[in-house]
Amino acid sequence: MAALIAENFRFLSLFFKSKDVMIFNGLVALGTVGSEELFSVVAFNCPCSPARNYIYGLAAIGVPALALFLIGVIWNNHTWNLVAECHKRGTKNFSAAATFLLFGSIMGRAAVAPVTWSVISLLRGEAYICALSEFVRPSSLDKFPAEYGAEVLARFPCKDVPANLTKFRDEVTRRLRYESQLFGWLLIGIVAVLIFLTKCLKHCCSPLSYRQEAYWAQYRSNEDKLFRRTAEVHSRILAAKNVKHFFGFVALDKEEKELVQEFPVEGVQPSPQWNAITGVYIYRENKGFPLYSRLHKWAKGVEGNGPSPEGHEMLFLAS
């Protein structure tokens, strides 16, 4: 059982594989806070009507959070690597634990913005008060007039109430704001504990030393930057050659002419090579030597994505 648990957490890396991820998550959270404040000031307008308040209040919290979550999933490179992996090779090369934690990594990063939105909405309290004001039991309010019911309570968030109900409106608002903020602080505490436990488990279960993991993070970052930069230059030179072949000449600026002269491009990479370096990558070693990426594995001529008699699958997910 202990071995199974260790395997399941061995490639945990939801948020803490590099400082860049921490900075990105912080910027996402700050952007979400600003967006929520703008939404509350400009767009939020409680209908103050029975049966509508509840739907509107929940929608004000849930719908933007859902949209932010989907945007986070779309922006995560793991999502499209997983799609490419399933399309080209299926999931036969991944254990159930690997698949589960891969989804956990995608969901965890995508949850930064929606959780921030939900927390700020709860701490502000407007949406919560709007959604639940009509459900406050009149019997819980001391000396509340018997002739008034849910319809009047639903108007409390808009302050559109008779003068003799002003003190009850203040009490209901204060009570619901307390509940909303309590849930907000609890959500912050739960998320903080989960992040702390994730970080601890990640460092405890990682098969790599701290320095090797830092090197791996630097390698992935440098490989990605160089690959993107080189791909941009390669595609520009190839496009220039094709345009020249069509028109007989190509209009290049000085920098582009230097690139064409310095880097002769003979052709394009075949599809099997692109497929070999595309998809989800799990850290592996071959004959004791680390393979840090799909490109690294392809360059070393290592075939397949699963464990082999000559290779050792370390089962550690790349962020």
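Predicted model: local features only at pLDDT ≥ 70, side-chain atom pairs only at ≥ 80, totals over all residues.
UniProt positions are given here in the numbering of this chain, with feature names shortened, and such annotations may be inferred rather than shown by experiment. With that in mind, the unreviewed UniProt entry marks residues 21-42, 54-75, 96-117 and 182-201 as "transmembrane region".

Residues are numbered from 1 along each chain as its sequence is written.

**Overall make-up**

The protein has 13 helices and three strands; these are DSSP runs numbered from the N terminus, with helices being H or I of at least four residues and strands E of at least two. Of its 319 residues, 36% are buried, where buried means under 20% relative accessible area, exposed means over 50%, and partly exposed lies in between (1.4 Å probe, protein chains only). Among contacts (heavy atoms within 4.5 Å) with a separation of 6 or more, 74% join residues 24 or more positions apart. The protein exposes about 19,100 Å², with carbon and sulfur atoms supplying 64% of that area; accessible areas come from the Shrake-Rupley method with a 1.4 Å probe, and for residues only the protein chains shown count as cover.

Residues 54-75 are 100% helix and 0% strand, and their end C-alpha atoms lie 32 Å apart. Residues 182-201 are also 100% helix and 0% strand, with 28 Å between the end C-alpha atoms.

Tyr178, Leu182, Phe183, Leu186, Ile190 and Leu194 make a nonpolar surface patch of about 610 Å². Patches are built from residues with over 30% relative accessible area and no salt bridge, joining like charges within 9 Å and nonpolar side chains (Val, Leu, Ile, Met, Phe, Trp, Tyr) within 5 Å. Ile190, one of the patch residues, sits in helix α9 (residues 166-205).

**Nonpolar cores**

A nonpolar core is a set of buried Ala, Val, Leu, Ile, Met, Phe, Trp, Tyr and Cys residues joined through side-chain atoms within 4.5 Å. The largest one has 21 residues, and Phe144 and Phe156 have the most contacts inside it. Two or more residues of this core come from each of α3 (52-75), α7 (126-132), α8 (150-153) and α9, and α7 gives the most, with four. Leaving out residues up to four places away in sequence, Phe156 touches Phe144, Val161, Leu165, Phe168, Arg169 and Val172. Another core lies apart from this one and has six residues, including Val73, Leu102, Ile106 and Val280.

**Salt bridges**

The structure holds six salt bridges, each a side-chain nitrogen of Lys or Arg within 4 Å of a carboxyl oxygen of Asp or Glu. Here are some of them:

| Pair | N to O distance |
|---|---|
| Glu126 and Arg124 | 3.6 Å |
| Asp170 and Arg169 | 3.3 Å |
| Arg228 and Asp224 | 3.0 Å |

Glu126 is partly exposed at 30% relative accessible area, and Arg124 is partly exposed at 24%. Arg228 and Asp224 both lie in helix α10 (residues 210-247), four residues apart, or about one turn of the helix; Asp224 is partly exposed at 36%. Finally, salt bridges link Glu232, Arg236 and Glu256 in a network.

Methods: Heavy atoms only, no water.
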